[in-house]
Amino acid sequence: MNYQNFFSAELAKLRNDGNYRVFADLERHRGQYPQATNRSGKGAREVTIWCSNDYLGMGQHPSVLDAMHEAIDTVGAGAGGTRNISGTTHHHVLLEAELADLHGKEAALLFTSGYVSNWAALGTLAAKIPDCLVLSDALNHASMIEGIRHSKAERKIWRHNDLEHLEELLAAEPLERPKLIAFESVYSMDGDIAPIKEICDLADKYNAMTYLDEVHAVGMYGPRGGGIAEREGLMDRLTVIEGTLGKAFGVVGGYIAASAALVDFVRSFASGFIFTTALPPAVAAGACASIRHLKSSSVEREGQQANVALVRAELDRIGIPHIENPSHIIPVMVGDPVKCKYISDILMDKFGIYIQPINYPTVPKGTERLRITPSPVHSEADIKHLVCALGELWSHCQLARMPQAAE
């Protein structure tokens, strides 16, 4: 085999299908988010970011940046190694206490990313609990799927948010058999929300544990930013709550929160925790500052929700199709990979708007979309510019509009 020819041919297929990913070279500027400088072969230009998971702009918040600067000046850059050898710092201890408090749990455990926290925690629990059956929602994130696969435990997939199907699978098993229901609160591509209470009811009825991924909800919902489970008063009913520090909290890292025994169990057996270098102390300090701020401040959440409502209303006004959902994620549906990539490119080149196309395999073929995430720091002028640009490109690409269009 000619290996280089193979690589080139496979990449060519991606390009022909409209699924080849191009990274935009972006430089955010402190205090000016969502504005950024984009650099390419065409030079440098200013753009507005509309697809970031830094949902509340906390990656630019003064309290977060000040905490990170202070930590670097006080303790230096790196953690020094794995947590087991030399990498547990006081900033890690403080952050885990803050996270446990956020979710009303006895303990929390930090990981280097949300992906790793899912992979390591699910993989360890399902592998180590004898005869454990994992019941996984059909639209769970790749990190959850990989963790479950890695465990080699038996798994059954239940149709997305389908309580009847979940109960059917649970009822088919002996009551005493260990079972783990794995699901998300906010699903990142369609923006829909799981029926958490009803899933907990089934877990209680059939003697199952629950594992809830709140990565797209922490910081965003609940009176203190604890997520959908906090908003709905359900945190105490969940066995494990998993979250990220890299989205609404604006930094990087992942974690689980649960009972002290479960957290210690994962800490003691998870290879994805044991054998990797710890997060830098400055990152932990920044995350701690972000969580503390969002526990007491609702201004960011309220501003974000207002802008989401405004963007949706403006899209409805001109008939741009988007998935209705109760979350902060606005999927604008294109339905064609080539046109989706084309619209993304023109938005950047002509209008200075950065929105990455979401194509297969992230979403099923035929459901290609632009995933828009308004933040509290987008202005009304930003929103007007975005909607006008989408309206122009929708006409140019001869894409269908919704019937309620006013023009």
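Guide: Two strands count as paired if DSSP finds at least two bridges between them. Strands (E, at least two residues) and helices (H or I, at least four) are DSSP runs numbered from the N terminus. This is a predicted model, where local features need pLDDT of at least 70, side-chain atom pairs count only at pLDDT 80 or more, and totals for chains, interfaces and linings use all residues. Residues are numbered from 1 along each chain as its sequence is written, and side-chain values use heavy atoms, leaving out hydrogens and water.

Visitor: In what order do the seven strands of the open sheet lie?

Guide: Strands of a sheet pair through backbone hydrogen bonds, either parallel or antiparallel. Here the order is 4-10-9-8-7-5-6, with mixed pairing. Strand 4 (107-111) and strand 6 (154-158) are at the edges with a single partner strand each, so one side of each lacks a neighbour in the sheet.

Visitor: How many bridges join strand 7 to strand 8?

Guide: Five, and strand 7 (residues 179-184) runs parallel to strand 8 (residues 209-213). Leu180, for instance, has Met209 in strand 8 as its bridge partner.

Visitor: Which residues touch the most other members of the largest nonpolar core?

Guide: In soluble globular proteins, nonpolar side chains tend to be buried together. A nonpolar core is a set of buried Ala, Val, Leu, Ile, Met, Phe, Trp, Tyr and Cys residues joined through side-chain atoms within 4.5 Å; buried means under 20% relative accessible area (1.4 Å probe, protein chains only). Among the 54 members here, they are Leu95, Ile181, Phe183, Ile196 and Leu245. Helix 12 (residues 281-296) gives the most to this core, six residues.

Note on methods
Buried means under 20% relative accessible area, exposed over 50%, partly exposed in between (1.4 Å probe, protein chains only).
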